[in-house]
Amino acid sequence: MLITGETGTGKELVARALHQARLRQLGPSERRPFVALDCSAIPESLIEAELFGYERGAFTGASQSRPGLFETAEAGTLFLDEVETLTPAVQAKLLRVLQERSVRRLGGRRTLPVAARIIAATNIDLAEAVRQGHFRQDLFYRLAVIPIHVPPLRERREDIPLLIDYMLARRAAERRTPVAQLTPQARQLLLDYNYPGNVRELENIITYVTAFAEATNGAAPLIDVENLPPQLVGAKRTATSLTNDAPEVPATLDQLERAHILRTLEMVGGNQARAARLLGIDRRTLYNKLRKWQKDERRKT
């Protein structure tokens, strides 16, 4: 299976739900592992050992044999997040494992059968990466037998109020406090926001507001506009400003997103890492957006 979607849409959550659905089909007595790997977080020199395992003496420091994640996930699910970051050499070896349904540890001679279900995920257009020569076409078709696309939160706005209420209740249960209540103005800002960081950003916002909300006289904490993170209030002001300045041309979602991101960068003095954290997106996504906008400006000039 191949799960696609922007950063923060909940691709791993979908993978775990698929794994749990399989367990329910097998029965309550079945216990099969769910093993997740963020491919972008493992150095290139270690990714093969992590996936395929190694035998003692396979390389300097390999003092004992170790199974790879394919073996660890035996009869369960191996989730490969950001699969597009795998090098061509690792892509070729991964393809062979999927074709042969067997793996050979680094430095090993035995071929070991594997029966893990593979679910891969990516936040880019993998078909386009194939066309550009950045990803193997044969591996793409092996992974995308069952494609699942997770739309961004801005395209399923009907989910936002449900997610807000669920996250507020979960935070209250974690902290053993009454469920925080939102004023109508604060709730409306949350409903209108564009969420470039998707569900992950919404979760970060709920964590932020509940961390500072305080109960008074035993009542549930009340969250008002001033309790919301700066990016929400800033986005509202930017949207209003854009609309007032040019009422005949309504601001598009792309314009609002760009204005919000640039305002956030201005607030943090151009620090992209800090801006990405505030926005609830990874630094690479922020960098790619900025680079695209720079290219668009060059074309205009």
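**Entry 1: salt bridges, the whole count**

I searched the whole structure and found 14 salt bridges. A reminder to myself: this is a predicted model. I also jotted down the general idea that side chains of opposite charge can pair when their charged atoms come close.

**Entry 2: Arg154 and Glu6**

I looked up Arg154 and saw that it forms a salt bridge with Glu6, with 2.6 Å between the closest N and O atoms. Where do the two partners lie? Arg154 is in the loop between strand S9 (147–149) and H7, while Glu6 is in the loop between strand S1 (2–4) and H1, so the pair ties together parts that are 148 residues apart in sequence. Next I checked accessibility. Arg154 has a relative accessibility of 21%, so I wrote it down as partly exposed. Glu6 comes out at 27%, and it counts as partly exposed too.

My next pair was Arg105 and Glu71, a salt bridge whose closest N and O atoms are 2.9 Å apart. Arg105 sits in the loop between strand S6 (102–103) and strand S7 (112–113), and Glu71 sits in helix H3 (residues 69–72), so this pair ties together parts that are 34 residues apart in sequence. Is Arg105 buried or exposed? Its relative accessible area is 15%, and the cut-off for buried is under 20%, so Arg105 is buried. I then followed the links onward and found that Glu55, Glu71 and Arg105 are joined in a network of salt bridges.

**Entry 3: Asp159 and Arg156**

I picked one more pair. Asp159 forms a salt bridge with Arg156, and their closest N and O atoms are 3.2 Å apart. Asp159 has 23% relative accessibility and counts as partly exposed. Arg156, at 14%, counts as buried.

**Entry 4: a look at Arg171**

I turned to Arg171, which I found in helix H7. Its relative accessible area is 19%, so it falls under the 20% cut-off and is buried. Which residues does Arg171 touch, leaving out those up to four places away in sequence? My list reads Ile206, Thr207, Thr210 and Ala211.

**Entry 5: the largest pocket**

Then I went looking for pockets. The largest pocket has a volume of about 780 Å³. I noted 22 residues lining the largest pocket, and those nearest its centre are Asn123, Thr285, Asn288, Lys289 and Lys292. Two elements give two or more residues each to this lining: helix H11 (253–267) and helix H13 (283–300). Which element gives the most? That is H13, with 10 residues. I also sorted the lining of the largest pocket by residue type and got 13 charged, five polar and four nonpolar.

**Entry 6: the second largest pocket**

I repeated the steps for the second largest pocket, which has a volume of about 630 Å³. Its lining is made of 23 residues, with Gly8, Thr9, Gly10, Lys11 and Leu13 nearest the centre. Helix H1 (11–26), helix H7 (160–175) and helix H9 (198–212) each supply at least two lining residues here. H1 has the largest share, five residues. By type, I wrote down 11 charged, seven nonpolar and five polar residues for this lining.

**Entry 7: what I want to remember**

H7 turned up in more than one entry. H7 holds Arg171, and H7 also supplies residues to the lining of the second largest pocket. For the largest pocket, the helix to remember is H13.

Methods: Residues numbered from 1 in each chain as written. Predicted model: local features only at pLDDT ≥ 70, side-chain atom pairs only at ≥ 80, totals over all residues. Heavy atoms only, no water. 1 Å grid on protein atoms, 1.4 Å probe; cavity = no way out; pocket = protein on both sides within 12 Å on 5 of 7 lines; lining within 4 Å. Points joined across faces, edges and corners; volume = space filled by probe spheres on them. Helix = DSSP H or I, 4+ residues; strand = E, 2+ residues; numbered from the N terminus. Nonpolar A, V, L, I, M, F, W, Y, C, P; charged D, E, K, R; others polar. Buried < 20%, exposed > 50% of the residue type's maximum accessible area, 1.4 Å probe, protein only. Contact = heavy atoms within 4.5 Å. Salt bridge = Lys/Arg side-chain N within 4 Å of Asp/Glu carboxyl O.
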